[in-house]
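Please have the structure open while reading.

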Amino acid sequence: MAFRTTAVARSALKKWAYNLSGFNKYGLLRDDCLYENEDVQEALRRLPEHVVDERNFRIVRAVQLSIQKTILPKEEWTKYEEDKLYLTPIVEQVIKERQEREQWEKNY
Amino acid sequence: MSSKSLATPFIRHVTSRGYAQTAPVAKKEARLQTSVLPNKTFVAALDNGSPVTRLTIAFKAGSRYEPQTELGLAHVLRSAAGLSTKNSSAYMIRRQLTQIGASFTASGDREFVYYTVEATQDNLKTALEYLNKIVSNQEFRPWELTDNLPRLRYDIAALPPQDTACLLADSLQLSSLVQESKSDTTTYYGGELRKEMGGDLAHVALALQGAPASIPQSLALAVAARALGCGPVTKWGANNSPVAKAIGNIGPFAAAGFNVSYSDSGLFGVVLSVPKDEANAAVKAVANLLKQPLSADAIKAGKNQLKLQVLAEAEDGTSLAESLAAQGLFTGSAKSPLDIAREIDQLSTNDVSQAMSNASRSKLSMGSAGNLAFVPFVDEL
């Protein structure tokens, strides 16, 4: 029982933190805010084209909103429940491949 | 992974320099063992005492199994060998095989795709492990396939136009297996395909219906194809074969008999490259030659040449391994090169002429590529 309440409380905390962070008011997803290092760039290359297009649209829209010093109307904010990680699993795979490569280079 | 055409015969230099004085190896006849596993996998093993072990896995996944809407799939499949699979990444496959000095190739023809690994015996275990990882659970990650495209394009563009001509004649005759799943035999119709590519030469393949690989006629036709001629036998020498004599003195040209046998049908004929202006006379002469019986002497020469070809190709372990795999998939059994040589010896002149006259009763197929301005159409032959 105690365990369950902890989980619920943690989820609520996450949601509160998510809304506090603010990028959802620009209509961005969590993965849109990743810093584009080499791993992320490689992962982006592996995404299907339409997913990249959607991401670019969200980013351009966010930049536009930021320039105009405004945010989206509240019903268009990204909801915590709808924020799927579309890029992170691929980035993790890229990092794993890179580590495998580095490991090999170190040993041979 | 690597293209066979680019392989440098490095070992030739090493052996000719370093080991020129090696003691002769005692000759023993290679033993061939075959069996069929409960899951219908055909296994053939040939122990020829070589320190290098080669293992070929062949699948019935050649171009004739391509659906009509996905033409070229067999090329992509072959070229994708060595890319990431569920068990291992492309990087690890490459590095591990390099580390043990193994060589991995994937090649394909109209019926099969072959994956071959060769390694020295002490490294065989790792090599087999990685061969297994390469052929099973391939993932075909879209970005890896896209990255692979330029290599595949180069691979196909590097095909000589003579091959294109043969392929065109070939594609007439082998209909796709996917559509005719009901019937076991392929019907031969004959016909013509032309691919205008420009240039100074016309490359033409003329063919008649051959024999499937499982029956003795295929061997007789292979003899006949060699008997028709295979270019000059001395470098820069005169070409004295029947097909060269039939074409006559038209300036530089190349012509050779060819015979291909598949599981249910075959193709037998001549492929020639001639200057575009002489194409008309040359193609007509060759078509005429195909209808006529060969002399006994030519057949005898053909038998000797084919025997040498079979035995010489068996010296190259990779092509031997692939040939054993193909034989198994075609006929359900495999023969050692020596057995095939013996069978060639046993063929009589009559067998060969009989097979040729059988073939000449079928309609002509013709595939042509290059400058086709003066190449006659198949109904004119």
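## Basis and overall make-up

Helices (H or I, at least four residues) and strands (E, at least two) are DSSP runs, numbered from the N terminus. Chain B has 13 helices and 10 strands.

This is a predicted model: local features need pLDDT of at least 70, side-chain atom pairs count only at pLDDT 80 or more, and totals for chains, interfaces and linings use all residues. Residues are numbered from 1 along each chain as its sequence is written, while chains are lettered from A and ligands numbered from 1 in the order in which they are written.

Chain B has 381 residues, and 37% of them count as buried (20 or more other C-beta atoms within 10 Å of a residue's own; exposed is 12 or fewer, partly exposed in between; C-beta atoms are placed from the backbone).

## Annotated domains

UniProt, in an unreviewed entry, places "domain: Peptidase M16 N-terminal" at residues 48–160 of chain B. That span is 40% helix and 19% strand, with its end C-alpha atoms 34 Å apart.

UniProt also lists "domain: Peptidase M16 C-terminal" (unreviewed entry) at residues 191–306 of chain B. Here the chain is 35% helix and 28% strand, and the end C-alpha atoms are 29 Å apart. UniProt positions use the numbering used here, feature names are shortened, and annotations may be inferred rather than shown by experiment.

## Cores

A nonpolar core is a set of buried Ala, Val, Leu, Ile, Met, Phe, Trp, Tyr and Cys residues joined through C-beta atoms within 7 Å. The largest has 60 residues; B:Val204, B:Ala224 and B:Val286 are among those with the most contacts inside it. Helix H7 (residues 217–228) of chain B gives the most to this core, nine residues. Another core lies apart from it, with 29 residues, including B:Ile93 and B:Ala325.

## Helix pair H7 and H10

The axes (lines fitted to C-alpha atoms, for helices over the stretch in contact; angles run from 0 to 180 degrees between N-to-C directions) of H7(B) and helix H10 (residues 296–315) of chain B come within 7 Å and cross at roughly 105°. H7(B) is therefore roughly perpendicular to H10(B) (65 to 115 degrees; under 35 is roughly parallel, over 145 roughly antiparallel, the rest oblique). Among the contact residues are B:Ala224 of H7(B) and B:Gly302 of H10(B).

## Interface with chain A

Six residues of chain B contact seven of chain A. Helix H3 (residues 90–99) of chain B supplies the largest share of the chain B side, four residues.

Note on methods
Two residues are in contact if their C-beta atoms, placed from the backbone, lie within 7 Å.
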